[in-house]
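Here are my notes for a reader new to this entry. Please look over the sequence and the model before reading on.

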Amino acid sequence: MPDLATRSQHEEELTAAILTILLMNAGRVGPHPGDYGDFRRDLAGSMSPHLRKVYVEAAEGMVAAYGFPAADLDRAAASWADQAAEKAAAAVSVTTITHPVTGSKLDAMFGPGRAAKIAVTEITRAVTAGEIFILIQMSDDAGRELISVWYTEDDARVCPICGPLHGTPQEDWSQAEPAGPPVHPNCRCWLVYEEVRESIGEAEHWRGVDLLEHQGPDEHESGTPQDSNDGDGNGGFSVLDS
Ligand SMILES: [Zn+2]
Ligand SMILES: [Zn+2]
């Protein structure tokens, strides 16, 4: 879907939650992995509820857009968010341990910039995962196939990895980045979906897709028959789905 409307609010809240834990642990840098168990647990615990909310919101956006009722969303969101938070917290604690720093670098290690970077990245991941949860149900339970187009902010800040992906369809972006956004820390990319309609065999354009000139309706009139999407509708998502 278009980028989450409440994204900046979620970023603020999650950044604050992460920063609280970082500040509590400021100065605990060094090769003492045993000391970091509680840091990791606290960090994961601070992130999980926020990531769960984002996942649910992203999934509900798909539900509303496509009129497809989600099964087991709350449970899936809770379990995904716990795992994602643990994974992120483990990565953060490893970096903290293996990069002993001093002075201003030490402040940065436990400061707001790092908290924001973690928040932005993990929110991007939660949005993609929540949407894919619905996509897979739509495909498996109802045979409805959606394809996605990659979006970046398309401004001067977009990096050389994400820039070329802007506006590319799934068959192209999944070659480069099979798991979808995020592709690096601070990545704010997102996917926009269009449904491949069984009955008439052409893509139904939806919301932001029309913003891309080369994704206009004409493009699809002589496009591939919908058969060619069988089996790979979610092909780009295997990593996140597992
Ligand atoms: Zn990028
Ligand atoms: Zn990106």
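Where in H2 does a kink lie?

1. The kink, about 30°, lies at Ser48, shortly before the proline Pro49. The bend at a residue is the angle between axes fitted to the seven residues ending there and the seven starting there. Helices (H or I, at least four residues) and strands (E, at least two) are DSSP runs, numbered from the N terminus.

2. This is a predicted model, in which local features need pLDDT of at least 70, side-chain atom pairs count only at pLDDT 80 or more, and totals for chains, interfaces and linings use all residues. Residues are numbered from 1 along each chain as its sequence is written.

3. H2 covers residues 37-66. From first C-alpha to last it reaches 42 Å, close to the expected 44 Å (1.5 Å times one less than its number of residues). Gly67 follows H2, with a positive phi near 60°.

4. The largest nonpolar core has 54 residues. Such a core is a set of buried Ala, Val, Leu, Ile, Met, Phe, Trp, Tyr and Cys residues joined through C-beta atoms within 7 Å. H5 (112-142) is among the elements that supply at least two residues. H5 gives the most, with 13 residues.

5. Ala126 lies in H5. Ala126 is buried because 30 other C-beta atoms lie within 10 Å (the cut-off is 20 or more, with C-beta atoms placed from the backbone). Leaving aside neighbours within four places in sequence, its contacts (C-beta atoms, placed from the backbone, within 7 Å) include Leu51 and Tyr55.

How values were computed
Chains lettered and ligands numbered in written order. Buried ≥ 20, exposed ≤ 12 C-beta atoms within 10 Å, placed from the backbone. Contact = placed C-beta atoms within 7 Å.
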